[in-house]
Amino acid sequence: MSKRTILAFGPCGLAALAVLTLAIANLRADAEDGAPPPGQPDKDYTPVVAPNGSTLQWRMVDGVKVFHLVAGEFEHEFAPGLKARCWGYNGSTPGPVIEAVVGDRVRIYVTNRLPAGTSVHWHGVILPNGMDGVTGLTQPMVMPGETFRYEFTLRHPGTFMYHPHADEMTQMGLGLVGMFVVHPRKPGNPRADRDFAMMLHEWHVKPGASRPNPGVMSEFNVLTINGKAFPATDALVARQGERVRMRFGNLSAMDHHPIHLHGYSFKVVATDGGPIPEAGQWPETTVLVPVGATRDIELAAEHEGDWFMHCHMTHHTMTQMGHDGPNMVGLDAAGLDAKIARIVPGYMTMGQAGMGGMGEMGMPVPRNSIPMVGMKGPFGYIDMGGMVTVFKVRKGLKSYGDPGWFSHPPDSIARAAAQAELRADGISPDADAIDKPKGAPSRK
Ligand SMILES: [Cu+2]
């Protein structure tokens with residue numbers, strides 16, 4: 001039994017409710033992320049898990065599912081070290097995932113606590129024109145302090161989105177975005193055991209600034225999954241053998257995101273237009289999620305490990321890196337450093353071999369900024385940030401809490417080659433290699 005089912009009972013005895021709530025608390029004690037524990041699927045559908053986020057609570061009133069969104073401004077943390085005043089719904093960006101089932105009648109109240117007029121458009125949902133949420137065209141603006149009421153019946157399954165259709169550049173750029181998942185009446189076959197919803201987004205936060213600037217065209221420097229930049233993104237956890245669905249939405253201003261998953265080939269099974277018939281699904285390792293679209297992928301979690309998943313646009317994994325700095329790659333700065341160090345003790349030119357390692361060095365950075373920040377991994381520093389997360393697949397999980405780093409089977413990790421191995425295979429690094437570049441780092 002799910003929390004939703006209980007809400008659907010409407011008024012019932014307080015004592016009974018308390019007992020049921022306790023039972024659910026016990027059932028869900030291990031779940032960590034809101035999904036039922038491994039091996040205990042809900043009856044009707046597998047509830048969506050929004051890593052770092054939540055799903056929107058609702059109440060059943062006379063057969064209608066009633067939701068309430070409150071648009072407002074709040075402080076949002078992208079990752080430790082970087083916060084900004086953002087706009088969003090119910091205190092989060094993206095807003096909570098709206099989750100419902102085909103056939104549901106939904107009534108969604110939208111309260112505006114912003115300093116500007118707004119509206120909500122239900123992207124991808126087939127509905128009466130007057131519920132489409134376009135200010136000026138299908139409804140008046142929802143003015144600050146007002147609450148509007150939207151009501152429609154959900155006729156099609158899919159991964160949809162919600163966002164304002166009023167001053168779109170500013171309002172979406174500041175974080176007014178959310179996902180809207182409509183499950184089919186009958187679960188898919190095979191049914192997903194894990195169902196993740198992830199909104200991809202881009203922001204421009206000048207180092208030290210306290211608000212994102214929604215007016216830029218190309219200088220986006222904070223790239224997020226559900227509002228978080230790696231290493232603050234929660235890992236996606238699945239038990240080996242489970243069927244996993246991942247839903248991606250993209251309401252970035254200007255960029256499509258090619259999301260690449262390591263270790264797997266998956267199928268693209270749906271868009272915001274609905275499910276793709278099986279004959280039309282094709283295998284991929286990277287799914288392009290265009291601006292203003294959703295893509296669902298599915299896979300069988302057969303391969304154990306910690307599998308990186310990230311946007312393959314390399315600039316989208318480099319949080320707040322200076323995009324207009326000089327190109328230092330290949331520069332021999334030894335003589336220059338010695339000269340400058342006479343005036344500035346300890347001076348060191350950086351970037352001659354690229355940007356890797358800068359986050360690990362913990363260079364001083366402007367207040368409220370996280371350029372180049374990655375995280376310490378089991379084998380050293382992971383020098384990626386931004387639109388990055390880790391898909392963690394483990395045998396026999398009892399909980400979906402983060403299981404920590406993967407323990408690899410013996411002899412299954414890439415390592416430095418031994419001299420005897422090199423000889424046996426006829427490899428001579430010194431003779432075969434091109435010149436070793438000056439100043440290249442060596443293993444300590
Ligand atoms: Cu990207």
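A: One term first: a residue is buried if 20 or more other C-beta atoms lie within 10 Å of its own, exposed if 12 or fewer, and partly exposed in between, with C-beta atoms placed from the backbone. Strands are DSSP runs of E with at least two residues, helices are runs of H or I with at least four, and both are numbered from the N terminus. This is a predicted model, in which local features need pLDDT of at least 70 and side-chain atom pairs count only at pLDDT 80 or more, while totals for chains, interfaces and linings use all residues. Residues are numbered from 1 along each chain as its sequence is written.

Q: Which residues make up the covered face of strand β5?
A: In β5, which spans residues 105–112, the covered face consists of V106, I108, V110 and N112, whereas R105, R107, Y109 and T111 form the uncovered one.

Q: And in which sense does β5 pair with β2, parallel or antiparallel?
A: Strand β2 (residues 64–79) and β5 pair in the parallel sense over seven bridges, where two strands count as paired if DSSP finds at least two bridges between them. Within β5, V110 stands opposite L69. With strand β7 (residues 147–153), β5 pairs in the antiparallel sense, over seven bridges, and T111 has T147 of β7 as its bridge partner.

Q: OK, switching topic: which residues have the most contacts inside the largest nonpolar core?
A: Those are F180, A197 and M198, in a core of 79 residues; a nonpolar core is a set of buried Ala, Val, Leu, Ile, Met, Phe, Trp, Tyr and Cys residues joined through C-beta atoms within 7 Å. Strand β10 (residues 194–203) gives the most to this core, with six residues.

Q: What is A197 in contact with?
A: Leaving aside neighbours within four places in sequence, A197 is in contact with V48, A50, V97, M179, V181 and R247, contact being C-beta atoms, placed from the backbone, within 7 Å.

Q: Where is there a cis peptide bond?
A: One joins T93 and P94, with omega about 0°, and P94 sits in the loop between β3 (82–89) and β4 (98–101). The bond from F230 to P231 is also cis, with omega near 15°.

Q: What about phi of N52?
A: Phi of N52 is near 65°, a positive value in a residue other than glycine. Most residues other than glycine have a negative phi. N52 is partly exposed, with 17 other C-beta atoms within 10 Å.

Definitions and conventions:
Two residues are in contact if their C-beta atoms, placed from the backbone, lie within 7 Å.
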